[in-house]
Amino acid sequence: MSGGLYVHALDMAVGALLLAGVLALWRRDLAAIVRLFAVQGAALAALVAVLGLHEGHAATVALAAGILVLRAAVLPLMLRRAMLAGGAFRETEPLVNVASSLVAAALLALLSFAVTRPVVELAPSPATRAVPVALTVVLLGFFVLVTRRRALSQVAGFLMMDNGITAVAFLTTTGVPFIVELGMSLDVLLAVLVLQILTSRIRDVFGDSDLDDLRELHD
Amino acid sequence: MSAAGTVGAVAQVLLVAAGAPLLVGVMRQVRARLEGRAGAGVAQPWRDLRKLLRKEPIAPHGTGVLFRAAPLVLAGAALVAAGVVPLVTTASPLDGIADLFAVIALLALGTVFLALAGLDTATAFGGMGASREMVVLALVEPTILLSVFALSARVGSTNLGEIVTTTLHDPQLVVSPVSLLAAVALAIVTIAETGRIPVDNPSTHLELTMIHEAMVLEYAGPDLALVEWASAMRLTVLLGLFANLFAPWGIAGTSLLMLPVALLAFSAKVVVLGGALAAGEVFMAKLRMFRVPELLAGSFLMALLAVAASFFLAGP
């Protein structure tokens, strides 16, 4: 892939990754959050594919296909099933209201730009310059994870954080060993399976998936 | 300064002045058709203006000079903005002051005067509309400044003519995260500034929801005509500016021959954008007033990320 096109495609993929994260913070509709998570997975796959094509690694391109299947299709479908079974379709009352959480997201973006400066200066290249954006996605995912009440949006936040971590890994090292990425993806899949079972158990026992109701002890 | 630039500037002022009510007519017609109504026709806003202009000028008892001056300031600011912004030509003789900050300040000046006029009537609706308009304006301003900053960082100038010319010569600038984020932010802000549907409903007179209409409730006759004409011009200028910042193709430079093409291209762009806006409005409901800050905070975040991306991401 030639220089100009490579930088362009890389920037667009990173931009889409970030945009999906921001929009997920903005929307209250759980179905929309799941869709945005699928979009983010596709953007991550595109990012990995662009890096693989640029480096000429066939294994990385194959990995991109795997990421596309797992994060843009399988995981969103599972989240969707959990949502339909749960019967709660809106994030009614996040701990931090949406306007403040958007401002907090702006601060998180600035923070990640500030703290990744040394990393970028180590080896300035188009890929490392996109690291702050990927780190912003990690922080946004973490923010969603800690401020939302519904178990499902917390799982979506966790998965977005993982998307960000994967993006950081690929942007800094250009090529995580195949076996490591495979193990990581399998871990994520298992975690989601466990969380899905946990969510349905919580709902069966307490009748709701609002985790703030679980603070008191019951017999 | 060139002859073509002067002719172009005059032509774009005339086009905006004459075409703005027609644009409003087109948008109402699109909306009516999509809702299954026949619609009043594209020229209806002009007929309304003619009817209003023939009525006797009348002002409510106890209003002062602000109330009478506001429509004039509003229309004057919109006309100057129409002359300054590169809508048809980038070689306008007013190009030296065609700073994005100056244009936004011009448009805000009209809004502020209208809000003052709303307060001047001392009716409950006028004051309510004015305070709401100021809330929206205060939230819109930082977003506009930031997205302008993002767009001008890569050009190295906040001059509108230069931003448009650079984009014209380097089309791949349009497809970058910076443009994308700034476009989303500016689109939301344009909708808020022109009082279109998720923020304000231009066709409502329901006291709980109206913003713009509440401020102009006390106007009648020629004054009302002036206010309506000026808000139509604002809409046209903002849509044209948005179109030319992100898709400047067809705009005339210093050649006289390009002018007719540029006039046609500008009209087509604005009509397409306006039609899309009107079509989108059919499927949307107005947001509650307390949800508007959320929308504008989102657009602020996009603008901030656009600025960050313009400095940190490697340019192609």
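Biologist: How far apart are the end C-alpha atoms over residues 257-283 of chain B?
Modeller: That stretch is 93% helix and 0% strand, with helices (H or I, at least four residues) and strands (E, at least two) taken as DSSP runs numbered from the N terminus. This is a predicted model, where local features need pLDDT of at least 70, side-chain atom pairs count only at pLDDT 80 or more, and totals for chains, interfaces and linings use all residues. Residues are numbered from 1 along each chain as its sequence is written, while chains are lettered from A and ligands numbered from 1 in the order written. The end C-alpha atoms of 257-283 in chain B are apart by 41 Å.

Biologist: What does helix H7 of chain B reach from its first C-alpha to its last?
Modeller: H7(B) spans residues 177-193, so 17 residues. The expected span, 1.5 Å times one less than the number of residues, comes out at 24 Å for H7(B), and the model's value is close to that. From first C-alpha to last, H7(B) reaches 24 Å.

Biologist: How many residues of H7(B) are buried?
Modeller: Buried takes 20 or more other C-beta atoms within 10 Å of a residue's own, with C-beta atoms placed from the backbone. H7(B) is mostly covered, and of its 17 residues the buried ones number 15.

Biologist: Which helix gives the largest share of the side of chain A that touches chain B?
Modeller: The contact (C-beta atoms, placed from the backbone, within 7 Å) takes 22 residues from chain A and 19 from chain B. Helices H1 (3-26), H4 (98-115) and H6 (126-129) of chain A each supply at least two residues of that side of chain A. The largest share, 10 residues, comes from H1(A).

Methods
Two residues are in contact if their C-beta atoms, placed from the backbone, lie within 7 Å. A residue is buried if 20 or more other C-beta atoms lie within 10 Å of its own, exposed if 12 or fewer, and partly exposed in between; C-beta atoms are placed from the backbone.
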